[in-house]
Amino acid sequence: MNQMKKISKNITSNIMKNMRLQYVRTSLAKITAVMVVTMTVLAQSLIAEAQEAEPDITRDMRALEQNGVYLTGLTHRIKAEDSLMQKILSDAVKDNVNLGQAADGISDVLRYTLVIKDEDYSHRVPEAMKKLTASGYEVVKFNNAWGGKFYQGINVQLISPSGVKTELQFHTPKSYAIKQASHGVYEIRRNPEATPEEVAEATVKSIAYNRQVKMPPGTKEIVWENI
């Protein structure tokens, strides 16, 4: 696996040495065959790493399911290869880095969603976080996005005891339902080939979707101070 990453980074460095990725921003037709190979190798390497760590991490996430708290979307806990390749390219363009660097920055190849009832949310989230850190998970980023325009929930980037990046989202039943329902407009907003008119329409729809979510009591005050 590490050898695959090394090979793919070498390929990336060679083809990107004199090429700026923003030239492919407006047309996927400009992606070279070597770039496709590079993205494929990088994506497969990340997926292989996630698959190796997944059983232990899933076990730890399932241990959080109690008193009405449950995991959802487990069939999609490992990001699909085509989606991962797209994210590698889009992140490389957005951050103006090479493909290998973009792949290194991806934190949600392995991802989980924990759903908690509104009335329990403000105390169940800290409880889950304490349980994970006590089990050896490192918190890299804790983002409480409640009250924002486009997304309601808490996203946490973790590193598992075996050193694998993992994402955990905390949702209420309603916020998760809205996240799923608004996925189409989210994809339009992040698509570099979408027209300004399409982005504007998707933005209005996204805001309207998220206005339907009621913030649970005490949610805005949830923080993680140990990072």
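**Figure 1. Contacts of isoleucine 207 in the predicted model.** Once its neighbours within four places in sequence are left aside, isoleucine 207 is in contact with Lys149 and Phe150. Lysine 149 lies 58 residues away from isoleucine 207 in sequence, yet the two are 5.5 Å apart in space, taken from C-alpha to C-alpha. Isoleucine 207 itself belongs to helix 8, and its relative accessible area is 19%. Because buried means under 20% relative accessible area, isoleucine 207 counts as buried.

**Figure 2. The packing of helix 7 against helix 8.** Helix 7, which covers residues 183-190, packs with helix 8, which covers residues 196-210, at an angle of about 140 degrees, and their axes are 8 Å apart. The crossing in which helix 7 passes helix 8 is left-handed.

**Figure 3. Residues at the contact of helix 7 with helix 8.** From helix 7, Val185, Ile188 and Arg189 take part, and they meet Glu198, Val199, Ala202, Thr203, Lys205, Ser206 and Tyr209 of helix 8. Sorted by class, this contact is made up of five nonpolar, two polar and three charged residues.

**Figure 4. The chain as the setting of these views.** The chain holds eight helices and five strands, and these follow one another along the sequence in the pattern α-α-β-α-α-β-α-β-β-β-α-α-α. Of its 227 residues, 42% count as buried, while the chain exposes about 12,200 Å², of which carbon and sulfur atoms supply 51%. Among contacts between residues at least 6 apart in sequence, 71% join residues at least 24 apart.

Terms used. Residues are numbered from 1 along each chain as its sequence is written. This is a predicted model: local features need pLDDT of at least 70, side-chain atom pairs count only at pLDDT 80 or more; totals for chains, interfaces and linings use all residues. Side-chain values use heavy atoms; hydrogens and water are left out. Axes are lines fitted to C-alpha atoms, for helices over the stretch in contact, and angles run from 0 to 180 degrees between N-to-C directions. Helices (H or I, at least four residues) and strands (E, at least two) are DSSP runs, numbered from the N terminus. A crossing is left-handed if the near helix is turned anticlockwise from the far one by less than a right angle, and right-handed if clockwise. Contact means heavy atoms within 4.5 Å. Ala, Val, Leu, Ile, Met, Phe, Trp, Tyr, Cys and Pro count as nonpolar, Asp, Glu, Lys and Arg as charged, and the others, Gly among them, as polar. Buried means under 20% relative accessible area, exposed over 50%, partly exposed in between (1.4 Å probe, protein chains only). Accessible areas come from the Shrake-Rupley method with a 1.4 Å probe; for residues, only the protein chains shown count as cover.
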